[in-house]
Amino acid sequence: MASVNSLASTLQQQLADALTAALPDAGTADPLLRRSDRADFQANGILALAKKLKGNPREVAAQVTGALPATDLIKDIEVSGPGFLNITLSDKAITETLAARAADDEGRLGVPYNSAAGTTVIDYAQPNVAKEMHVGHLRSAVIGDAMVQILEFTGESVVRRHHIGDWGTQFGMLIQYLIEHPDQLDHEGEQADGEAAMSSLNRLYKASRVLFDSDEEFKARSRDRVVALQAGEPETLAMWQRFVDESKIYFYSVFDKLDMEISDPDIVGESGYNDMLEETCRILEETGVAVRSEGALCVFFDDVKGPDGNPTPLIVKKTNGGYGYAATDLSAIRDRVQNLKADSLLYVVDVRQSLHFKMVFETARRAGWLNDGVKAHQLAFGTILGKDGKPFKTREGVTVKLEDLLDEAVERATAVVRGKAEKVGLTEEEILENGRYVGIGAVKYADLSTSAVRDYKFDLDQMVALHGDTSVYLQYAYARIRSILRNAGDAKPVAHPELALAPAERALGLHLDQFGEVLAEVAAGYEPHKLAAYLYQLASHYTTFYDQCHVLSDENPAEVVENRLFLCDITARTLHQGMALLGIRTPDRL
């Protein structure tokens, strides 16, 4: 089925055509349409147009209204102040547009695909091999996953990339220890779960660190092992692969808790670009993008200076011949642009790395890997804070483990679900399943409802609250609608465009119609918090509608009941779709 034009875009087009018809000398003019408190919409573009044409704004406004076609779209239009148009749409147009959205057989609610869709590589959720994921990994994973879902929904071809930390000097120490203690990663019986895998890795890491710090001969052997790893010596690589495989068991268990899909082809860590590093450096040096400075290969920038006022370069290759993060990141850009044919590169990375990525992107532009046709963007995110407003840590000052945090969220949410379970008639299995969906949803929504670049306070009590801007409030709104639809008996959701709408029905309908426009804005600006805000407003509009317009009242004529059930149904579908794009489940019964 074809996509459905929103009421705003249809009105915008009619006004633009009327402007051209009434004022041919004006050329193409923007009516400057926006939502209004005084009517459904206000058009403010005539004032500037009248000034340009040296005409009376109110007279120009009258000419434009006279040129509008006679359709079912507009119920009332008035000229206000110095030529503003206050426009009220017809109830019939609202209901008919929503009915067209509901009839979309692709289940997209009439949301159009982006006509300019291309290929985006999203770099997100970047854990480190042989290290536990902590609270700092949460935001990259949650924000990145939401952007994957949103961009795919708009028609973008998305390539996921988990750029894991799987290379570096610390592996010399780990591999050497494993060679000398080969049973350290062995598991009794069946395949290890995530917890057992991380436990083995932790134990091995601590033991190897103690030996490295206390035994000079082991330290020397470890350093030799780094050289063997970088040279691709087979036994060393095989041992390195054991660490990667063990870590993946753990990663996958954490992503499973987060209710996120992750697969092997998506994981291309630092090691995946090793074979490109030398060529990357050679190209940069031969083209003059990078220059030798004190033995290192560097890229300099006029606007990047250190505290001493001297230029701070991006070091691509160190004095000792080793490669830094920049060489890997630039090689990844080459791979993503030249091999994956990406038009857009999106990096969901901590705001504290903004300078590094600014320099990397500028270097890639100078090298020609990024250009007008290929853009790179850092979706920078802030820090998770504790209730005290400081970076979130345990009482002992240790960074919080991500698994511990998720487990506690699920525990709290399960208690909330259990408190209402008897009334709804949930089984123990449903209580535990819903507790998981509510807990993980609460954590994700708290993150996604905050503008990514801002810090936010991690407060589980607030996150699982039934009221206020929380995912639980949205999930309960959805479950309430599903309950109404189940209890409707023989009555079915049917749109009745001939019916007049109550104020709360109109407000809900107009908001529902904005879903596609909001998604387009969210996708274009990489701003998932705007989708969260839209969904919260939708649930709020629905709450007002539910309070003011009784749905299943025997006093209502059958067509009123059907039309209100129709509004319930399309609200539920919009909530369900919107929450799914944020990676949050909406249980039918809560």
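This is a predicted model: local features need pLDDT of at least 70, side-chain atom pairs count only at pLDDT 80 or more; totals for chains, interfaces and linings use all residues.
Residues are numbered from 1 along each chain as its sequence is written, and side-chain values use heavy atoms, with hydrogens and water left out.

We can begin with the helices. Two packed helices are described by the angle between their axes and the distance between the axes. Helices here are DSSP runs (H or I, at least four residues), as are strands (E, at least two), and they are numbered from the N terminus. Axes are lines fitted to C-alpha atoms, for helices over the stretch in contact, and angles run from 0 to 180 degrees between N-to-C directions.

Helix H6 (residues 170-180) packs against H7 at an angle of about 100°, with the two axes 9 Å apart. H6 and H7 are therefore roughly perpendicular to each other, given that angles under 35 degrees count as roughly parallel, over 145 as roughly antiparallel, 65 to 115 as roughly perpendicular and the rest as oblique. In this contact (heavy atoms within 4.5 Å), Met173, Leu174, Tyr177 and Leu178 of H6 meet residues of H7, among them Leu204, Tyr205 and Phe212.

H7 (residues 194-214) also packs with helix H9 (residues 234-257), where the axes come within 8 Å and cross at roughly 135°. H7 and H9 are therefore oblique to each other. On the H7 side, the residues that meet H9 include Gly194, Met198 and Leu204, and on the H9 side they include Phe243, Glu246 and Tyr250.

Turning to single residues, most residues other than glycine have a negative phi. Leu109, however, has a positive phi of about 55° although it is not a glycine. Leu109 sits in the loop between helix H4 (91-102) and strand E5 (119-123), and at 4% relative accessibility it counts as buried, where buried means under 20% relative accessible area, exposed over 50% and partly exposed in between (1.4 Å probe, protein chains only). Ala130, in the loop between E5 and helix H5 (138-153), also has a positive phi, near 65°, and Ala130 is buried with a relative accessible area of 5%.

Lastly, His511 belongs to helix H17 (residues 503-512). His511 is buried, with a relative accessible area of 4%, and, leaving aside its neighbours within four places in sequence, His511 is in contact with Tyr534, Gln537, Leu538 and His541.
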